[in-house]
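Hi everyone, thanks for making time.

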Amino acid sequence: MSAKNISTVFARFRSLLALALMIGALSLLSEHFLTADNGWNILRQISVNLCLSIGMTLVILSGGIDLSVGAILALAGAMAAGLLKQGLALPGSSLLLQFTTSGAILAAVIVGAAMGWCNGVAITRFQLPPFVATLGMFSIARGLTMLWTGGFPITGLGDQFGFVGTGFVLGAPMPVWIMTALVAVFMVVTRRTRFGRHLYAVGGNERAARLTGLHVGRIKVAVYTLAGALSGVAGLIVTARLDSAQPNAGLGYELDSIAAVVIGGTSLSGGRGSVGGTVLGCLIIGVLNNGLFLLNVSPFWQQVIKGLVILLAVAIDKVNVRQRDSS
Amino acid sequence: MDARDAILEATGIEKSFPGVRALDGVGLRVRPGRLVALLGENGAGKSTLMNVLSGVFPPDAGTIRLDGREVRFANPREAQAHGVGIVHQELNLVPHLSVAENVHLGREPRTRLGLIDYEKLHADTTAVLGRLDLHVAPDALVADLRVGQQQLVEIARAVSAEVRVLVLDEPTSSLSAHEVDVLFGVIQDLKRRGVGVVYITHKLEELARIGDDVTVMRDGRVVGEAPLAELTREEIVRLMAGREAKEIFQKSTVAPGGELLRAENISLPGDGVGRPLLVDRVSLSLRRGEVLGIFGLVGAGRTELLETLFGVHSDRATGRVAVDGRPVGFKSPRDAVAAGLAFAPEDRKRDGLVLTMSVAANASLASLDRTVRGGLVSAGREAAHVTPYIERFRVKTPSLAQLIVNLSGGNQQKVILAKWLATAPKILLLDEPTRGIDVNAKREIYAFIDELARTGLGLIVVSSELPEILALADRVLVMCEGRKTAEFARADATPERVLHAALPDLAALAS
């Protein structure tokens, strides 16, 4: 029993332990690593992935997966940029809707939420497996982005909009503020609200949740809608930082966010994990990328190492689950 | 006979699951050409022992010897390779493969090209089906067979392999009288060829026909072991039960109140394979303060009936349901819960519990609204909300934060009861409420059912344990192959009458 307790404690803190070890090692290996500038740098670099990964955490906790977050990020960013720059010509009339900066920002989040909502409806109403539904959405959102932008970047978005990605408030970069606020909100949402509790129940045992009278469908739709909205936020940060909406933005980001969630200890089978763990997962990936860059490790080796870290994290998770189930 | 004669000998087998010691130093000896009957109540540990012997999971301690040599089966396949075959109580068939493919699954005959030799496969299958007097085509889909026929296919799978030890776990529960006769013939034949048979059953009358030795288990231990001839029926019963359901529980008499639930012509179509109607025009009524028992064999449609009443199959089911005289049309279990229904499913781990969550979270799951303040779940309010129910049902747990997976089956079931009572329901549907629960927890559950009825709830209890139904129910409804075949008042419900109505052949004669 006490050995088991130790292993649970270890399981809970193993991501933290891994992160501490990495920071320790990198501090010794590179004099540029443990500096305030580099610290902010890492936080800013992970902000986009963390926004996506919070949504991905909700989705994976519910027992699903979302392959469309990167594509929705691109679409939302392009929408915001396009609406800001050119406005929206209403078909069939000569009316042109002009968007303010906040209007464009809101539109991006709404577009993201709407795409996520479609994912949720496809999964619950039409019973598509999440993998398939979001794979379809991945392609749809990529295609819509190309149609909207014509395949060209939309640039020159103004300082006001750029503030979202490059501004500073109280000495901290804006993306870090956004990311911190979202982490705080969703930690409370998952831990302390009825929705959060129901989310864990649905992911832990969907049949039991349904037979207990939970609104399983509505919970899942909400989860995918939130993931879409968070992708919209991530799209805004990316676009604002570059002062440019790239049609190919966010390519492969869905895989990075799944990696962060998994490294953070959230179980791909649903029902177990936390937003806090995902924060650690993002930090681990961020520190790893940053450290390997500082050490002049080839980007190709960086990819290999990142892959090994993911495999290791999931392998440890599997061993833990097996121990729990057979004990 | 002495020990060296045994083909298979298990000694000192121990196996624990979280919160329950399923086997506590159990021994079993299987001799060639003899049938040892393994008897005991549900939860006595028989199935666990069989799972250990056939390699489904390893024992925590103890040894298994085959022909005197110690063996350790890593999986059922290894056990099978050593000649230990098992027919589980639950069917383990692949529904969309053919009979022949199921019978030879994992050891299909191959042609020289490495493809499946269907000609030989079908010929071999026809031969073994013939031995079991089962007249179905080898290429028929298993899903299209009756439950009894599926059971025989399962048996065919075991006997078609080279078996030296055959374990049968309640093989006759869904067989007709004729099918039972044929099966017994096959068993006698196997015995003549020197096969050792382990036979798990509840039905003592079967033993007289095929049994040689008896091993009785209770609460994870062997409590008696002797040749059949040396034991009287009364001795066996006393060993098995320790206490009969009626002895461990005294039902109180309450005059039932007004009608709570009325269901008319409930039908549930199957999903295209097997029986066309899983539930076939069943009507029932439940009054306040009443316990309605539903008895039937495996596959009789009892669970499907409860699920239909609870709104699980609203897309397919037909029929009328009224609660408190008002017609209702539940679209989902959510509607049923809102109308005051509660449902404790048979398979607790699959359908009843969220194993990844704590005792408190499971107990509050159906009534989380009551623990929310300012939009947030308060741990203090949650504890205050569920604690009275956890205490009322005497759930043994180190703390509310304990993961539910670490509790014993009995305590898990009590948490499910606590969960539902926390919603203040009017009607409680219980599907096999004491499955896999030790005798003490069983007695407590019986007392709770009785107490809940006294407080004015209406309860429907589904069970395949006849003594349990007879002890608990004010009225007994009997189902067979989806239909309601009889209904008895408590005073008229004798074991013979109820069983008669539940058996397929006899029920057909009666109707």
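Before we look at any pair of helices, one term: a crossing is called left-handed if the near helix is turned anticlockwise from the far one by less than a right angle, and right-handed if clockwise. Please also keep in mind that this is a predicted model.

Let's begin in chain A. Helix α7(A), residues 174–192, packs with helix α10(A), residues 216–242, at an angle of about 165°, and their axes are 11 Å apart. Angles over 145 degrees count as roughly antiparallel, and α7(A) and α10(A) are therefore roughly antiparallel to each other. Their crossing is left-handed. On the α7(A) side the contact is made by P175(A), I178(A), L182(A) and F186(A), and on the α10(A) side by L226(A), L230(A), V233(A) and I237(A).

Next pair, still in chain A. Helix α2(A), residues 36–61, and helix α12(A), residues 275–294, have axes that come within 8 Å and cross at roughly 140°. Angles over 145 degrees would count as roughly antiparallel, and 65 to 115 as roughly perpendicular, so α2(A) and α12(A) are oblique to each other. The crossing of α2(A) and α12(A) is right-handed. Residues of α2(A) in this contact include N38(A), I42(A), I46(A) and L50(A), and among those they meet in α12(A) are V279(A), L283(A), V287(A) and N290(A). By class, the contact of α2(A) with α12(A) has 10 nonpolar, 9 polar and no charged residues.

α3(A) passes α5(A) in a left-handed crossing. From α3(A) the contact residues include G70(A), A74(A), A78(A) and G82(A), and from α5(A) they include F138(A), A141(A), R142(A) and W148(A). Here the residues of the contact divide into 12 nonpolar, 4 polar and 1 charged.

Now over to chain B, which is divided into domain 1 (3–241) and domain 2 (247–510). The C-alpha centres of these two domains lie 31 Å apart.

On to the sheets. In chain B, 6 strands form an open sheet in the order β16-β19-β20-β13-β21-β22, with mixed pairing. Which strands are at the edges? They are β16 (341–344) and β22 (483–489) of chain B, each pairing on one side only. Neighbouring strands of this sheet are turned by 15° against each other on average, direction ignored. β21(B), residues 475–480, runs antiparallel to β22(B), and 6 bridges join the two. One partner to look for is A489(B) in β22(B), which bridges to R475(B). Helix α16(B), residues 439–454, packs on the sheet, touching β13, β19 and β20 of chain B, and its direction makes about 150° with that of β20(B).

There is also an open sheet of 4 strands in chain B, in the order β12-β11-β14-β15, and its pairing is antiparallel. β12 (277–287) and β15 (326–328) of chain B stand at the edges with a single partner strand each, so one side of each is left without a neighbour in the sheet. Here neighbouring strands are turned by 20° against each other on average, direction ignored. β14(B), residues 318–323, pairs with β15(B) in the antiparallel sense over 3 bridges, and A322(B) stands opposite P327(B) in β15(B).

That's the tour, and I'm happy to take questions.

Notes. Residues numbered from 1 in each chain as written. Chains lettered and ligands numbered in written order. Predicted model: local features only at pLDDT ≥ 70, side-chain atom pairs only at ≥ 80, totals over all residues. Heavy atoms only, no water. Axes fitted to C-alpha atoms, helices over the stretch in contact; angles between N-to-C directions. Parallel < 35°, antiparallel > 145°, perpendicular 65-115°, else oblique. Contact = heavy atoms within 4.5 Å. Pairing = 2+ DSSP bridges. Domains from an automatic or database assignment. Nonpolar A, V, L, I, M, F, W, Y, C, P; charged D, E, K, R; others polar.
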